[in-house]
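Hello,

Here is the structure for you to look through. Please open it first, then read my notes below.

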Amino acid sequence: MLNTLIVGASGYAGVELATYLNRHPHMNITALAVSAQSPDAGKLLSDLHPQLKGIVDLPLQPLSDPAAWAEKVDVVFLATAHEVSHDLAPEFLKAGCVVFDLSGAFRVNDEAFYTRYYGFSHQHQAWLDNAVYGLAEWNHERIKEAQLVAVPGCYPTAAQLALKPLLKADLLNDAQWPVINATSGVSGAGRKASVATSFCEVSLQPYGLFNHRHHPEIVAHLGAPVIFTPHLGNFPRGILATITCRLKADITQQDVTDAFYAAYHDKPLVRLYDNGVPALKAVVGLPFCDIGFAVQDEHLIVVAAEDNLLKGASSQAIQCLNIRFGFPETLSLI
């Protein structure tokens, strides 16, 4: 049995982590923590999220001394702000814990990336060098050996799962960059109250044009340029990404089908559509990324759907946990 700590447990991703870990047969939730200044400190998680009443009735403890907790646990999940993860992860790693970080603090091995897109100067180049990017279907072998897993962002997960098989099979015309239009529900903005992300204030619109922090993350791990435009939609959760590509001459629909099945035929948390494309209702509340596509002449449209809090965050973190410790990949997820 592995003892685990969830930091940032009161947030949307944190409560999903607690739900999955609570039913995981090899994990013991030693503690749920929040920042020492959090108004949630001292409350029961089930008071804030009543669906867990009688299931996870643990208190949210203020995290004032990471070293004290590091001695008591084997595994740490950080569902915290980027700069908080940046400071906390090395403390737990130094004590020998395996860390799964759901923030962006260790996703891209480039110090300048953090100054430009996250607004802080990265101080831990050694851990940037050693962090493993937790795109589970593509980094399985490296995750098995990792001490620090940087769980991908929600938009990058959908975009990369849709595009990597096509790039690996060399099916795309390099003269036309893939265009990713992706829409997320408001839970992607987190639980903290804000007028800009209030459900009644949100109206479907794009944001972060050409400068969203997930854009360079996608490019860095795809190894190919893209156009990425995120949108905020007035629904609670889920991401739908519609990706327009141009195929090389003489590439057929069967070639595209073969590329996706070669990549995912043995990957239980990616579901491929033989006909049609996915909708959000197929994935909300579930740990899958669903992918469908259509081909006309040299034009390809790929649609990927996922729950931004699950495959885009918490369930992918648990999937990485299972890979890291040799458990069945879908344990506690399905």
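How much accessible surface does the chain have, and what share of it belongs to carbon and sulfur atoms? The accessible surface is about 14,200 Å², and 52% of it belongs to carbon and sulfur atoms. Such areas come from the Shrake-Rupley method with a 1.4 Å probe, and for residues only the protein chains shown count as cover.

Some ground rules. The model is predicted, so local features need pLDDT of at least 70 and side-chain atom pairs count only at pLDDT 80 or more, while totals for chains, interfaces and linings use all residues. Residues are numbered from 1 along each chain as its sequence is written, and side-chain values use heavy atoms, with hydrogens and water left out.

**The whole chain**

The chain has 11 helices and 14 strands. Both are DSSP runs, numbered from the N terminus: helices are H or I with at least four residues, strands are E with at least two. A compact globule of 334 residues would have a radius of gyration near 20 Å, and the chain agrees at 19 Å. That radius is taken over C-alpha atoms, and the globule rule is 2.2 Å times the number of residues to the power 0.38. Of the 334 residues, 53% are buried. Buried means under 20% relative accessible area, exposed means over 50%, and partly exposed is in between (1.4 Å probe, protein chains only).

**Helix α11**

This helix covers residues 314-325. Its 12 residues should span 16 Å, and its end C-alpha atoms are 17 Å apart, which agrees. The expected span is 1.5 Å times one less than the number of residues. α11 is mostly covered, with 10 of its 12 residues buried. Among them are Ile318, Cys320 and Leu321. Glycine 326 follows α11 and has a positive phi, near 75°.

**Two residues with positive phi**

Most residues other than glycine have a negative phi. Aspartate 297 is not a glycine, yet its phi is positive, about 55°. It sits in the loop between β13 (289-296) and β14 (299-306). Aspartate 297 counts as exposed because its relative accessibility is 63%. Serine 332 has a positive phi near 75°. It lies in the segment after α11. Serine 332 counts as buried, at 8% relative accessibility.

**Histidine 231**

Histidine 231 lies in strand β10 (residues 227-232). It is buried because its relative accessible area is 16%. Leaving aside neighbours within four places in sequence, its contacts include Tyr155, Asn181 and Tyr207. Contact means heavy atoms within 4.5 Å.

Best wishes
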